Amino acid sequence: MLTSQEERTYPVGAIICREHERPDGLFIVKEGLVEIFQTIQSEKGPVEIILGKVGARGIFGEMGIIDHQPRSASARALGPTRLVFISRAAFQQHLQQMPPWEAILIRTMVQRLRETTHRLADALEQAPSGKGKAHAGDMVISHGSEHPGAEEGDEFLRELDRRFLENS
């Protein structure tokens, strides 16, 4: 189990992490809703493209700690939000305990996702104004217990709570 985590709270509108920053860890949403977005250049200047929203039990910020690349998107609290932050060092230690093929599979998936994200951003930057609008902002990446595996997510958060309280 990961042992280096801390709970963080953010008010409405707070930026949690920024696109292009060096990642220092990943986040698990305990309460609240987080908007994931990229900023692209358009004919009229910078425009935010909403990639999705992450709700309770959702994870974000994981790509950069897996592939050691800068963050591909920014994250903003849409309401009062409580997150569990897991440090890059703790995650890397956990990743090293996996069989090598599993770590390679995870890195490959992150690389493919990052390439797809870059291609999408490039296509949106080149689209004429008013055309090719993205509707991904309506997509909730993780929103609770109605998806398979939510029980494991609940158990994971209970374990994090227990360990966090022990270390406080």
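## A charged network

Glu7, Lys30, Glu31 and Arg82 are joined in a network of salt bridges, where a salt bridge means a side-chain nitrogen of Lys or Arg within 4 Å of a carboxyl oxygen of Asp or Glu. Side chains of opposite charge can pair when their charged atoms come close. Searching the whole structure turns up eight salt bridges.

Some ground rules: this is a predicted model, in which local features need pLDDT of at least 70, side-chain atom pairs count only at pLDDT 80 or more, and totals for chains, interfaces and linings use all residues. Residues are numbered from 1 along each chain as its sequence is written, and side-chain values use heavy atoms, with hydrogens and water left out.

## Pairs across the sequence

Arg76 and Glu35 make a salt bridge, with their closest N and O atoms 2.9 Å apart. Arg76 sits in strand β7 (residues 74-77) and Glu35 in strand β4 (residues 34-42), so this pair ties together parts that are 41 residues apart in sequence. Strands here are DSSP runs of E, at least two residues, while helices are runs of H or I, at least four residues, and both are numbered from the N terminus. Arg76 counts as buried at 16% relative accessibility, and Glu35 counts as buried at 11%. For the record, buried means under 20% relative accessible area, exposed means over 50%, and partly exposed is in between (1.4 Å probe, protein chains only).

Then there's Asp67 with Arg114, whose side chains meet in a salt bridge at 2.7 Å, N to O. This one also links distant parts of the chain: Asp67 is in helix α1 (residues 62-67) and Arg114 in helix α3 (residues 100-126), 47 residues apart. Both Asp67 and Arg114 are buried.

## A partly exposed pair

Arg8 and Glu6 bring their side chains together in a salt bridge too, at 2.9 Å from N to O. Arg8 is partly exposed at 22% relative accessibility, and Glu6 is partly exposed with a relative accessible area of 37%.

## Gln92 in helix α2

Gln92 belongs to helix α2 (residues 88-96) and is buried, with a relative accessible area of 13%. Its side chain reaches the backbone oxygen of Ile65 at 2.2 Å. A polar contact is a pair of N or O atoms within 3.5 Å; within protein, one must be able to donate a hydrogen and the other to accept it, and residues adjacent in sequence count only if both atoms are side-chain atoms.

Leaving aside residues up to four places away in sequence, Gln92 touches Ile65, Ile66, His68 and Arg107, contact being heavy atoms within 4.5 Å.
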